[in-house]
Structures are given as structure tokens and as C-alpha cells.
Amino acid sequence: MAGKFELYKDKAGEFRFRLKAGNGEIILVGEGYKRKASALNGIESIRKNSVIDQRYERKATSSGKPMFNLKASNGQTIGTSEAYSSDSARDNGIDSVKRNAPEASLDDQIA
């Protein structure tokens with residue numbers, strides 16, 4: 001099963017998206033946007049940048065757990081991962097984004 005982007009509106013009224021792998025696990029989340037068009041642009045930026053390894057910022061949370069950010073060509077963070085139990089689990093998460101994001105479908109949940 002292929003990955004998909006879910007586009008939704010949060011409780012604060014902002015437009016958000018998350019990338020889910022084929023197994024339904026969330027592998028990347030985007031920031032909140034004021035406009036739907038901006039969130040859609042964020043999804044397209046993830047599709048484009050997800051295949052470029054240098055766009056992944058491998059780092060740790062404040063508690064020391066591995067995680068990553070995906071950055072656009074201008075250096076802006078466009079997606080953030082969950083915290084992982086190990087560096088290898090984080091690297092598997094990056095590989096999953098690389099595999100799923102470019103061809104992921106869009107599930108627009110905004111009515």
C-alpha cells in the first residue's frame with residue numbers, strides 16, 4: 001500500500017498535513033498554515049525535497065531521542081518526525097519518507 005498525505009484542519013483552525021506510510025504509521029508532520037493553498041505548497045515541497053538526503057537534518061529531541069527535520073532548499077523546516085528509540089530507527093524513518101512522499105496520494109479531509 002502506498003503512502004498518503006492527510007490534509008486536515010486543527011482545533012485552532014489552521015491547515016495541517018501528515019504523511020502516513022502504507023501501514024498507516026505517521027512518518028512526518030507539517031507545521032500549521034493559515035491558508036489551505038500554503039499547506040498544499042508544503043506538501044509539494046516535501047514531495048520534491050524528500051528524495052534529497054542533504055535536506056534531512058538528523059538531530060535529537062531535548063530528551064536525547066533521535067529525530068529528524070526535512071528542510072526545503074531555503075533551509076526552512078517543512079516536516080518533522082516523531083522521536084525514535086535509536087539512530088537506526090530514525091534512519092529507517094528517513095528511508096520511509098524517501099520512499100513514500102514523492103508519489104503519496106492526497107487525502108483531503110477538509111469539508
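Helices (H or I, at least four residues) and strands (E, at least two) are DSSP runs, numbered from the N terminus. The model is predicted, so local features need pLDDT of at least 70 and side-chain atom pairs count only at pLDDT 80 or more, while totals for chains, interfaces and linings use all residues. Residues are numbered from 1 along each chain as its sequence is written, and side-chain values use heavy atoms, with hydrogens and water left out.

**Exercise 1.** Determine the order in which the elements of the protein chain run from the N terminus.

*Solution.* Begin with the inventory, which is 2 helices and 7 strands. Placed in order from the N terminus, these elements read β-β-β-α-β-β-β-α-β.

**Exercise 2.** Compare the radius of gyration of the protein chain with that of a compact globule.

*Solution.* Take the radius over C-alpha atoms and apply the globule rule, 2.2 Å times the number of residues to the power 0.38. For 111 residues the rule gives a value near 13 Å, and the protein chain agrees, because its radius is 13 Å. Along the principal axes, the C-alpha atoms fill a box of roughly 40 × 30 × 25 Å.

**Exercise 3.** Decide whether Arg47 is buried or exposed, and list its contacts beyond its neighbours in sequence.

*Solution.* First locate Arg47, which belongs to helix 1, residues 36-49. Next apply the cut-offs: buried means under 20% relative accessible area, exposed over 50%, and partly exposed in between (1.4 Å probe, protein chains only). Arg47 is therefore buried, since its relative accessible area is 19%. Finally, with contact meaning heavy atoms within 4.5 Å, and with neighbours within four places in sequence left aside, Arg47 touches Phe5, Ala101, Pro102, Ala104, Ser105 and Leu106.
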